[in-house]
Amino acid sequence: MIVKIADTIISPLGCSTEENYQAVKAGCSALREYHWSDLPEPFVASLMEGERWKGNDVLTRFETLVIGAINQILPQIDFDISSPRVIIILSTTKGNVDLLEGRYGTPVDSSPYPGETARKIAAHFGNPNRPIVVSNACISGLCAQIAAVRALESGRYDYAVVVGADVQSRFIISGFQSFKALSPEPCKPFDANRLGLNLGEAAAAIVYQRVDKVQSGQWVAGTGAICNDANHISGPSRTGEGSYRALKTVLEDADVDDIAFVNVHGTATLYNDEMESIAIERAGLIDKPVNSLKGYYGHTMGAAGVMEVILSMRAVEDHTILGTKGFDSLGVSKNVKVSSEHRSTDKNSFIKLLSGFGGCNAAMLFTRSAGMSHPWKDIHVGISSQIVITPDEAILNGQKLSTTKQGGALLTELYREKINDYPKFFKMDELCKLGFVASELLLQDCGDRHEGTADRAIVLFNRTGSLCNDRNYQKTINDIENFFPSPSLFVYTLPNIVTGEIAIRNHYYGETSFYVLDQDDPALIRSMAEEVILQGRAKSVICGWLDCEDKDHYLARLEVVESL
């Protein structure tokens with residue numbers, strides 16, 4: 001079984017788990033209005049302030065937060081973090097993206113490439129393993145913990161250090177402003193008068209260990225599930241499909257009577273809160289207390305799924321259900337049990353629920369009772385089809401396809417000659433075009449799309465994240481006199497959108513995950529894809545390397561891994 005052995009939170013409300021918990025319990029909020037001269041509108045957020053968190057000549061603000069969080073968990077652990085039996089997993093939505101705008105300069109060896117950032121952090125602690133970056137939009141923090149559980153249960157490692165972090169920048173804030181998603185006042189999750197979300201900064205670290213026996217009072221990381229709603233890349237399903245499916249999977253192993261509450265995403269946007277209320281009712285949890293922590297911190301992006309799990313653990317230990325700050329009167333269609341007041345509980349478990357752009361949703365069960373292990377299925381796994389696409393050629397199962405174009409024109413040629421029935425292709429960014437074409441050719445070769453199933457997962461990796469489109473978006477906000485941030489462009493600055501595009505095309509409701517590494521690692525990629533099948537979360541996985549530096553420099557190396 002997998003147990004939690006250490007944790008910490010660094011946020012505007014405090015620099016430890018206990019400081020943060022006591023601040024939240026006292027009803028404190030870090031949200032306030034900010035005015036930045038290079039943004040046309042003020043915004044409400046919770047931001048890290050003070051010289052300690054500004055970065056320096058060696059570390060960026062983001063790196064300072066991540067390393068600070070790991071430093072705080074070191075006194076709590078009795079193993080060597082530099083051991084090869086330890087994996088570091090970083091959850092972040094945008095990492096060092098603020099380097100593109102140069103607001104804080106460029107420290108030595110700092111990079112906007114997320115995998116290189118993670119490698120720098122791992123090297124700082126002497127860890128020899130290739131760190132894994134989870135970049136799965138808003139659900140990244142929970143996905144990172146699910147990945148940690150799999151890595152430990154597979155026996156590849158004994159300990160996993162999961163760190164979630166993000167810092168806010170002109171890049172991110174302008175993007176959410178372009179969506180008209182930001183509230184001009186502190187957010188009000190699930191409230192009838194909610195106006196949108198607030199953004200926040202934080203770092204949170206949690207450490208898991210594989211054990212044979214759980215000690216009394218230890219937290220067990222239970223069943224986790226990642227599901228796509230196959231609906232829209234920037235809008236949640238109106239039926240709560242992805243969150244419902246994730247919750248139902250988690251509940252298969254849960255003692256429902258022992259669940260204290262469901263800690264939801266609760267961003268205070270119109271559609272997110274409504275979607276979550278529908279999913280909770282469909283999953284049979286309508287009588288369980290529900291809470292959101294966004295009124296205290298705002299949406300901390302890559303940190304949210306880690307920080308909110310830690311605070312929920314601390315609340316259960318304190319026999320408390322934390323109140324939803326900002327909530328007054330119910331503003332969703334389903335009668336979810338939300339309250340602004342703290343409540344008492346004698347239960348020992350909770351469920352964490354998250355959702356995000358790209359149609360992704362995740363849920364995970366945490367319990368202080370004995371818990372369950374997640375033995376691998378007795379399944380043999382094999383490869384049914386493989387494709388490689390470079391700017392010069394496309395090779396399917398060892399056979400070169402007939403093409404005449406190169407670079408970006410090659411992808412268009414392949415689309416027109418081999419697919420040509422999905423005009424949305426021309427609206428996609430370059431990474432999504434690459435993934436779309438590669439997956440379509442793979443599925444055509446397989447002969448069975450398995451359309452409309454939850455049994456096929458999509459697990460992709462690369463080195464650049466969404467940096468190609470990040471640079472394109474940055475150009476739209478460089479000049480305050482010529483400022484035109486585009487929501488359609490901003491949404492493609494999330495690399496996991498490509499998994500959403502593939503899921504929407506094929507109506508796949510299974511797992512969709514995106515990871516970033518410092519370089520291609522076929523053995524690691526294959527292992528993580530196979531673990532999805534061996535844990536029973538899919539029968540087949542579209543997986544592999546999907547990297548795009550720009551429209552003329554890219555590599556797709558994808559395959560279909562299937563249970564035999």
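**Figure 1. Cys15 is a partly exposed cysteine in this predicted model.** The relative accessible area of Cys15 is 24%. That value lies between the cut-offs of 20% for buried and 50% for exposed, so the residue falls in the middle class. Cys15 is in no disulfide. The nearest cysteine sulfur belongs to Cys28 and is 14 Å away. Zero disulfides occur in the structure.

Figure 2. A disulfide needs the two sulfur atoms within 2.5 Å. Such a link is a covalent bond between the sulfur atoms of two cysteines.

**Figure 3. Helices α6 and α7 cross at roughly 35 degrees.** Helix α6 covers residues 241-251, and helix α7 covers residues 270-282. Their axes come within 8 Å. The crossing is right-handed. Which residues of α6 meet α7? They are Glu241, Ser243, Tyr244 and Leu247. On the α7 side, the partners are Met275, Ala279, Ile280 and Arg282. By class, this contact has five nonpolar residues, one polar residue and two charged residues.

**Figure 4. Helix α10 has 12 residues and reaches 16 Å from its first C-alpha to its last.** The helix runs over residues 408-419. Its reach is close to the 16 Å expected at 1.5 Å a residue. Just after α10, Asn420 takes a positive phi of about 60 degrees.

**Figure 5. Buried residues of α10 pack against strands and helices.** Gly408, Leu410, Leu411 and Glu413 are among the buried residues of this helix. Leu414, Tyr415 and Ile419 are buried too. What do the buried residues of α10 pack against? The strands are β17 (381-389), β18 (394-396) and β23 (553-563). The helices are α11 (430-446) and α14 (497-506). An α-helix has 3.6 residues a turn, so residues three or four places apart point the same way.

**Figure 6. Asn506 is a buried residue of helix α14.** Is Asn506 buried or exposed? Asn506 has 1% relative accessibility and counts as buried. Under 20% is the limit for that class. Leaving aside residues up to four places away in sequence, Asn506 touches Glu440, Leu443, Arg449, Glu451 and Gly452. Helix α14, which holds Asn506, also packs with the buried residues of α10.

How values were computed:
Residues numbered from 1 in each chain as written. Predicted model: local features only at pLDDT ≥ 70, side-chain atom pairs only at ≥ 80, totals over all residues. Heavy atoms only, no water. Axes fitted to C-alpha atoms, helices over the stretch in contact; angles between N-to-C directions. Helix = DSSP H or I, 4+ residues; strand = E, 2+ residues; numbered from the N terminus. Left-handed = near helix turned anticlockwise from the far one by under 90°. Contact = heavy atoms within 4.5 Å. Nonpolar A, V, L, I, M, F, W, Y, C, P; charged D, E, K, R; others polar. Buried < 20%, exposed > 50% of the residue type's maximum accessible area, 1.4 Å probe, protein only. Expected span 1.5 Å × (residues − 1).
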